[in-house]
Amino acid sequence: MNIRKYVLHLSLTVAILSIGMACSKRTISPQGIYEDAFENEVSPNKDTIAFSTLPYLALGDSYTVGASVSPSAKFPSQLSAFLEKELDVNVNLELIATSGWRTDNLLSALENVNTDRTYGLVTLLIGVNNQYQGIPFSKYEIEFTELFERALALADGNRERLIIISIPDWGYTPFGEGFDREQISSEIDRYNDFAERKAAKFDVTFIYITDTTRRGLAEKELVASDNLHPSAMAYKLFIDRMAPTIISQLKN
């Protein structure tokens, strides 16, 4: 092989490898693994973190606030505690979330956020109140897209620092009795499918936790005392699925 052909061959090889790496991971399956992960991905360890303080912003609604559980039991708090322990960092947690918020409410709240401030980790979980209140899905599509863009900007444009979380299914709770549970699940699937596609388009991780909440009727300990929201145990299961991926990405 002459030098010119060798250089061309080497360039093509590098390009193919780069494409493969860019498409290697993003959506987290119900088993908590990358659907297209490299088999030889390095396991997390504590000595590769380049920072000592992690500013974490959690965006959402009652599922982010942790309605009907203690402040330390909501998933952002549990995630913060886990990251502090596993990565030996200080997590500065901020919430922009309120029970009952729709996508438009969260957008309005973000209008007052300092656009120059960025975070080392941003999670976004929103949309259940759009579904519950019967807001046109087309409105969610527009507003979630805006929220996604704002969240990515707050993560300093770093795709590894933004995590999109699927919407829990409130139909599988005692509160859901009397409602059309099949319709609820179908509509929530539609919302989650849109959010997952949006995340995939920008190579941002989407973590699916909805299946955990669909165990609520059979496993009552997964539902909080209000018979509607996830319990502390359910949020712990969220973290079990989310944390390994987040830890891996924070080290990149």
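A salt bridge here is a side-chain nitrogen of Lys or Arg within 4 Å of a carboxyl oxygen of Asp or Glu. The views below come from a predicted model, in which local features need pLDDT of at least 70, side-chain atom pairs count only at pLDDT 80 or more, and totals for chains, interfaces and linings use all residues. Residues are numbered from 1 along each chain as its sequence is written, and side-chain values use heavy atoms, with hydrogens and water left out.

**View 1. Arg-214 and Asp-189 form a salt bridge.** The N to O distance is 2.8 Å. The pair links distant parts of the chain, 25 residues apart: Arg-214 lies in the loop between H8 and H9, Asp-189 in helix H7. Helices (H or I, at least four residues) and strands (E, at least two) are DSSP runs, numbered from the N terminus. Asp-189 is partly exposed, at 29% relative accessibility. Buried means under 20% relative accessible area, exposed over 50%, and partly exposed in between (1.4 Å probe, protein chains only).

**View 2. Arg-214 also pairs with Asp-169 in a salt bridge.** Their closest N and O atoms are 2.7 Å apart. Asp-169 sits in the loop between strand S5 (162-165) and helix H7 (181-201), 45 residues from Arg-214. Asp-169 is buried, at 2% relative accessibility.

View 3. Glu-143 is buried, with a relative accessible area of 9%. Lys-139 is partly exposed, at 32%.
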